[in-house]
Structure formats: C-alpha cells, structure tokens
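Please study the structure shown below. The paragraphs that follow lead through selected parts of the chain.

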Amino acid sequence: MGEFTVGTGLKPPIVHPQRYLWTDAFAVCNFLELFKQTCDEKYKELALDLVGQVHHTLGRRRSDASQTGWISGLSENDGELHPTIGGLRIGKPLPERLPGEPLNERLEWDQDGQYYHYLTKWMHALNQTGKVTSDPKFILWAVELAKTAHGSFTYFSSTDRQRRMYWKMSIDLKNPLVSSMGQHDPLDGFITYNELHITALKIFGSSRSLDLTAEIEDMNEICQGLSWTTDDPLGIGGLLFDAFRIAQLMSEGCLDLLGILESVLESVLVGLDYYSQGSPLDLPPEYRLAFRELGLSIGIRGALKLLRLTKESSDIIDPEDSLQPRLEDLLEYLPLAGKIEEFG
C-alpha cells in the first residue's frame, strides 16, 4: 500500500494523480482495515485523502476535455457538497467514444466513461468510510451516487417489457457506450443498495431523499430468473464478495436473504469446478491476467470469514439446512488462492 500511495500520486500528492476507480475503491477499504487493525491514524488519513482525490479527479472533467468543472454540472461550491451526484469517471487513459463514433471493441477497454460495477464498489467504499469515521457525509455521497447510477444505467425495455441495465455509460451519463448488461451487475446493485439503505436508516432515520426502497425493488425485479454461474475467476471472486455481504446483512437481522445466499454459493461452486478443470493456473504468464486471478483469491480467502460469520449467527444458518455443506465445499478450493498468490 505504501508503493501504491507513492506510485499513484496520493502522497506526496501530485498535480495529475493516477486515479482509477476500481483500484481506488479497494485501496480505501484496505486503508480503513489497516487503521482498524493498527489504530494508526495515518491509515485513516490516507483513506480520507484518497476519497477526496478520487472525487476531485474522477468526479470532474478530464484534463483533455473541452469542458471543465464537475461532471455533474454543479457549481464549484455545490460540487464540493455533492461530489458524486454526477457519477464518477472510470479513469481510463483515452477519452470516451464520441456520439456517433463506431464501436471499436478493442479500443473501448481503454476509453473513459462510467461503469456501473465500478460505481457500486465506490458506494461500498464510501459506506465503509462513513462507518469507520462516523461522518454521515460519506453515507450521503454513497446514496446520492446510488440514485444517480440507478437512474442512468437502468431502463425499461420496450421490446420485452423487462427492466434492463447498460454496461457502460458516457461520462455525462446521457448515452450508453456498451448496451449489454453485466452478468452480476443487478446482483451487485441489489446488495449494495440494501447495504446503503440500512446504514442510512441508522444514521438519518426515515428520509424520503435517502430512501432506496424503489431502487432495491427495481434491482430485485431485474435479478429474477438470472443465472450467476460463471467460470471467469474475477466473476467468481466477485460472487464470493457478494455472498459475504449478504451474510453480513443477514447477521444484522435486517433481511431474509437465505435463498439468494444459497443461490450465489451454488453458482460459485459450479463456477469453481468449471474453472479448476481447465488448469488455468498452469498456463504461461502471457495467457493469464493477474487482476482477474487475484480477484478470485480475495474471494476464496473471504470464504473462511463467511464460514465463521454463518456459524456465529443462528439467524443466518441452521445446521440442518443446505448452506453448511456448500460452505464446507468452498474450503476445498483454498489451495487455489495460495497458488495464485505464490506465483512469481
């Protein structure tokens, strides 16, 4: 994390830091956990500095754009008060694709815009920051981001009369750049909205402006009938991350989500079986992607915490139900995490 701090221009700060929303969301959570484990205030300060730098970099127009200021269009002062209300850029190296410009799938990966699943990771990071610091503004920013993202990325399809989602939107959230729906985006949104809704209720009480009930219902509707099974290592790791968050919500006694937790874990086990059969970790380095494999290792490591959490809470698991065997089956894949992390 020290190398990350210096290498991305967080500290010492530089004029044009290298901010990337996905990585930064994980980094905020890392700093907060380091603070909790060490009680060293420097880690909390790094988390807060990173949140501020992300908002002032990815919440504003690119340095090579014709326009300046907050991407929300708010004034400087109002933007400071609501830095996430216009969403947040991904942080890709190239400018976004212009309206009418044909899609180049290879180039699109390096072009800026907004990703829904990056925004939900940032919502989670802000929620954690609010909990650790007891500062309600972070929860406000997370909920405002959720409402903006939901309103922009979800839509009602006139073709099949079903609610759907876009994968990638333009920086101003006016145009879809990739119209397909991410496989796990609805699940991620459903869990994240519930997470924020519960926190906001505890801090602010009943508030119409911060209520996410309608957004939660929309996401629940989109989730119906979808399959979560994937053999993509990052996707499997993300499902394990989601499974732990579902269990956390249930441990608070707020939601009955046993059915969806069982469904997610079943999808994880099927995916891990598919993935391991292909022996992907034996491939040469040039055929492997570190961030996808590390996403899996993080998820597998979290399975141990998930098992402990479910055992500690009788509200989540009954020894007679089918959840316990699924959790124990997950432990068979722990060597995969070690093999990934040990690769030089």
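P12 is found in the loop between α1 (2-7) and α2 (21-38). Helices (H or I, at least four residues) and strands (E, at least two) are DSSP runs, numbered from the N terminus. The model is a predicted one, in which local features need pLDDT of at least 70 and side-chain atom pairs count only at pLDDT 80 or more, while totals for chains, interfaces and linings use all residues. Residues are numbered from 1 along each chain as its sequence is written, and side-chain values use heavy atoms, with hydrogens and water left out.

The peptide bond that joins K11 and P12 is cis, with omega at about 0 degrees. Although C39 is not a glycine, its phi is positive, at about 60 degrees.

Consider next how helices pack. Two packed helices are described by the angle between their axes and the distance between the axes. Axes are lines fitted to C-alpha atoms, for helices over the stretch in contact, and angles run from 0 to 180 degrees between N-to-C directions.

The helices α3 and α6 (residues 116-133) pack at an angle of about 140 degrees, and their axes are 11 Å apart. That angle makes α3 oblique to α6; angles under 35 degrees count as roughly parallel, over 145 as roughly antiparallel, 65 to 115 as roughly perpendicular and the rest as oblique. The crossing of α3 and α6 is left-handed, a term used if the near helix is turned anticlockwise from the far one by less than a right angle, clockwise being right-handed. On the α3 side the contact (heavy atoms within 4.5 Å) is made by K44, L48, L50, V51, V54 and H55, and on the α6 side by W122, L126, T129 and T133. By class, six of these residues are nonpolar, three polar and one charged. Here Ala, Val, Leu, Ile, Met, Phe, Trp, Tyr, Cys and Pro count as nonpolar, Asp, Glu, Lys and Arg as charged, and the others, Gly among them, as polar.

Among the contact residues are L294 and I300 of α12 and L336 and I340 of α14. The contact of α12 with α14 divides into eight nonpolar, two polar and three charged residues.

For α11 (residues 258-277) and α13 (residues 323-330), the axes come within 10 Å and cross at roughly 35 degrees. This crossing of α11 and α13 is left-handed. The residues in contact include L261, E262 and L265 of α11 and R326 and L327 of α13. Which classes make up this contact of α11 with α13? Nine of its residues are nonpolar, no residues are polar, and four are charged.
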